[in-house]
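I am opening this notebook to record, entry by entry, what I looked up in the structure.

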Amino acid sequence: MDTAEDTAVAPPVTDDPAHEVLRRVFGYDSFRGAQREIVDQVIGGGDALVLMPTGGGKSLCYQIPALVRDGTGVVISPLIALMQDQVDALSALGVRAGFLNSTQFPDERRAVEAQYAAGELDLLYLAPERLRMESTIQLLGRGRIALFAIDEAHCVSQWGHDFRPDYLALSVLHEQWPDVPRIALTATATAKTRDEIITRLDLAGARRFVASFDRPNIQYRIEPKNRPDRQLLDFLRAEHPGDAGIVYCLSRNSVEKTAAFLTENGIRALPYHAGLDHRTRAENQARFLREDGLVIVATIAFGMGIDKPDVRFVAHLDLPKSVEGYYQETGRAGRDGLPSTAWMVYGLQDVVQQRRLIDSSEGDAAHRRQLQLHLDAMLALCETVDCRRTQLLAYFGQSAQPCGNCDTCLSPPESWDGTVAAQKLLSAVLRLKRERGQSFGAGHLIDILLGKKNQKVQQYDHHELSVFGVGTDLRDSEWRGVVRQLLAQGLLTVHGDYGVLTLTEASESVLFDGRTVRLRREPERPTPSRAARSAKSAKAAAVELTEADTSLFERLRQWRADTAKEQGVPAYVVFHDATLREIAARKPGDLAALGAVSGVGESKLARYGEQVLEVVAAQ
Ligand code: ADP
Ligand code: ZN
C-alpha cells in the first residue's frame, strides 16, 4: 500500500540525488554553468545535445545521470587509447566502470561483458566500431541501459575535421532503444557541424545546451614565422620553462626534427605521429600524461580527448587546416582553468602549402571548395587587426567584447593604406600573364618588385618589365606580408606545387575601380611582455600561494608523482593541480577539513586522506 506511513519508514533518500553524487563522489560543491540543467534533463529521460568547450565539464553531464539512473551508462567514444585512463580515473572515485575495445584480450573483454550483464557497471565505454557487431547489440540487450552518451559527437560530421565513418552507425541506438535517453557532447560546434549532428543522430527533439565557447584563461597569439625552431625555443625559455605542453607540426618529418632540436637544447620533448610504431606512440603518450613537465611534439594525430588538465601551452609551427581544428587543438591547454598560452607562427609558405594540399586532395570539387572555405577562415583569423578571441567566438556564432588577453588586444597592430602596394603587386601578376603568358610564385614576383637582377630575372628578361623595381619602398618581409594578406582577403589566389599566384575577380576592383586595401603592419617584436602576461594571469582563478605554501605544494606534487607511479596511473588521476594548490593554501588538519577541499570526494579521502595529512603535517 502506498501510504504516508510506508514512505516514513523507507530509508532516507535525499531529495537531490544529483547534487549528492556531485558532492560525495566527485568532491565538488556546486554544478558549473549548464551542468545542472543538463543533468536534470537526462535524469528525467530526455535527450540532450551539449556544446561546451574543452575543459567545460562535459563528463559530469553524463556520469552523474548514469549514477543516478538505474542501469549502466553506455558511453560511445573514439578515444580508445584513453579508455583505460578514463576507467582508472572513475575507479579512483569509487565508480564501477569498464570498457570494450579492440586493445583488450578476450578474457578481459569477457569479464567486462559479464559485469555489464550482471548489472555491476555504472559506466561502460564503447568504441564506435563495436556497434557494427551484432554481438555488441546482443550484449547491450542483456543488461539495463541508463543512458547513451555520444562523446566527441562532431565525429559524425563530414563537414568537420574529425569525421569517423563508424559514427554513422550510431543511429541504431535510437532505433533499438527508443526509450533510453541520449546525450551527445562535443567541443566543436559551428552551426554547420551542429546541424549535421542533429540530423545524423536523429536528435531533432533533443534539448540543446550551448555554453560559451570562451576560454578566458588561454592567451591567443599568432606571430610571423621566420625561424620557427628558434622562435619556439625562445618562447618556451621565456614563458614556459619546465611546463607541459603540445607542439603541433604538419609533417612527420618536422615533428622528428623539432623534437630532436628541443632535446638538444635541454627541453624534454617526445615525438608523436602516425608513422611511429604503435608501442612508441603509446609509450610517448603515456609518458606525456603521467610525467610532469614534458613537451610532446606531434602531428594532429595526437590529442583528441587528452584530458591532462595541466597542459600549459599549445604551439603551432604550421597553419592548421581549419579554425575548428585550431580551436580544438589550442583548447587542450589549460583545462584546469589556470593561465595558458596558445601560440602560433605562420607565414606565406603555410598558405602555399595548404593550397597545394587542397589542390591535390582526393574528393570532388565541392569537397575542395569546403577545404578552401576552412583555409580562408583560418587566414582571416591570422591576419585580423581585431581581437583574436572575438573573431574565434564569432566563428562559433557567439559575440564577445575585445578580450584583453590576446596579442592583438595586448599590442594592437597598426594598419596602413596598402592600396598602392597591392596595385603594384597585382599589376605585376597581371602583366606577366598578359604580356608573357607566365605565372610565378611570390618569391620571384617580389624580386621583380624589388628590382633584383638575379639569375632567374635575367633568364626571363623580367628586368625589362615596367613593374621591375617599382617596389623598393618595402622590404622583402613586408612584401611577403602584403602577399599573405591579399591571399587572406581573397584578392589573390595561389596554386600548384610552385605556389603560383593568380588574380581573382576581386583583384580587378583594386586594379581598376579604386578599391582601397587596408593592411596590417608587420610587428617588429609582437610578443607581449611578461608583465602584460602576468597582469592578465590574475584573471584566471588560481589559488594564490605564499612561498611557504609553494614549498608544501611542491612536496604534495612529489607525493602525488610517487603515488601515481606506484599505481600506474597519470598523476592527475590521483589529484589535480588545482586541488593540491588548495590543500597547500588551507593546510587541513583533519580528514573533515581535507574533505571540504574541492576535488576531494569520499573515495579519495578514504584512500589518500591520511597520507596527504601526513605530508601537510610534516612541514
Ligand atoms: P570536458 O570533457 O568538457 O573537456 P571535463 O569533464 O574533463 O571537461 O572537466 C574539466 C575539468 O573540470 C575536470 O578537471 C573536472 O573535474 C572539472 N569539473 C567539472 N565540473 C566541475 C564542477 N562542477 N566543479 C568543479 N570542477 C569541475
Ligand atoms: Zn583579444
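**Entry 1**

I began with helix H24 (residues 547–567) and helix H28 (residues 602–617), whose axes come within 10 Å and cross at roughly 145°, and I note here that the model I am reading is a predicted one. The crossing in which H24 passes H28 is right-handed. I then listed who makes the contact: from H24 I found Leu 552, Arg 555, Leu 556, Trp 559, Thr 563 and Gln 567, and from H28 I found Arg 607, Tyr 608, Gln 611, Val 612, Val 615 and Val 616. Sorted by class, the residues in this contact of H24 with H28 are seven nonpolar, three polar and two charged.

**Entry 1: the zinc site**

Which residues coordinate the zinc ion (ligand 2)? I found four cysteines, Cys 387, Cys 403, Cys 406 and Cys 409, each giving its SG atom, at 2.3 to 2.4 Å. The angles among the four donor atoms run from 102 to 119°, and the site of the zinc ion (ligand 2) is tetrahedral. For reference, I wrote beside this that the ideal angle for four tetrahedral donors is 109.5 degrees. Along the chain, the donors of the zinc ion (ligand 2) follow the spacing C-x15-C-x2-C-x2-C. I also looked up how accessible some of these cysteines are: Cys 403 has a relative accessible area of 14% and is therefore buried, the limit being under 20%, while Cys 406 is buried with a relative accessible area of 0%.

Why is helix H19 (residues 442–449) described as largely enclosed by the rest of the structure? The reason I noted is that seven of its eight residues are buried, and these are Ala 442, His 444, Leu 445, Ile 446, Asp 447, Ile 448 and Leu 449. The buried residues of H19 pack against several elements, namely helix H14 (348–359), helix H18 (419–436), helix H20 (455–459), helix H21 (476–488) and strand E16 (500–502). Just after H19 I came to Gly 451, which takes a positive phi of about 70°.

Setting aside residues up to four places away in sequence, Lys 424 touches Leu 449, Val 470, Gly 471, Asp 473 and Trp 479; Leu 449 is one of the buried residues of H19.

**Entry 2: another covered helix**

Helix H13 (residues 323–330) is mostly covered, with eight of its eight residues buried. I wrote them down as Val 323, Glu 324, Gly 325, Tyr 326, Tyr 327, Gln 328, Glu 329 and Thr 330.

Asp 461 is not a glycine, and yet it has a positive phi of about 55°. I located Asp 461 in the loop between H20 and H21, where it counts as partly exposed at 35% relative accessibility. Lys 587, also not a glycine, has a positive phi of about 40°; Lys 587 sits in the loop between helix H26 (577–586) and helix H27 (591–595), and its relative accessible area of 30% makes it partly exposed.

Leu 262 lies in helix H11 (residues 252–264) and is buried, with a relative accessible area of 0%. Apart from neighbours within four places in sequence, Leu 262 is in contact with Leu 232, Leu 233, Leu 236, Ile 267, Ala 269, Val 295 and Val 297. Leu 262 and Arg 230 are 32 residues apart in sequence, and 9.5 Å apart in space from C-alpha to C-alpha.

Ile 296, which I found in strand E11 (residues 295–298), is likewise buried with a relative accessible area of 0%. Among the residues in contact with Ile 296, again leaving aside neighbours within four places in sequence, are Gly 245, Ile 246, Val 247, Leu 270 and Phe 302. From Ile 296 to Leu 90 I noted 206 residues in sequence and 26 Å in space, C-alpha to C-alpha.

How values were computed: Residues numbered from 1 in each chain as written. Chains lettered and ligands numbered in written order. Predicted model: local features only at pLDDT ≥ 70, side-chain atom pairs only at ≥ 80, totals over all residues. Heavy atoms only, no water. Buried < 20%, exposed > 50% of the residue type's maximum accessible area, 1.4 Å probe, protein only. Helix = DSSP H or I, 4+ residues; strand = E, 2+ residues; numbered from the N terminus. Contact = heavy atoms within 4.5 Å. Axes fitted to C-alpha atoms, helices over the stretch in contact; angles between N-to-C directions. Left-handed = near helix turned anticlockwise from the far one by under 90°. Nonpolar A, V, L, I, M, F, W, Y, C, P; charged D, E, K, R; others polar. Donors = N, O, S within 2.8 Å, 3.2 Å for Na, K, Ca; no water. Tetrahedral: all angles 85-135°; square planar, octahedral: opposite > 155°, others 65-115°.
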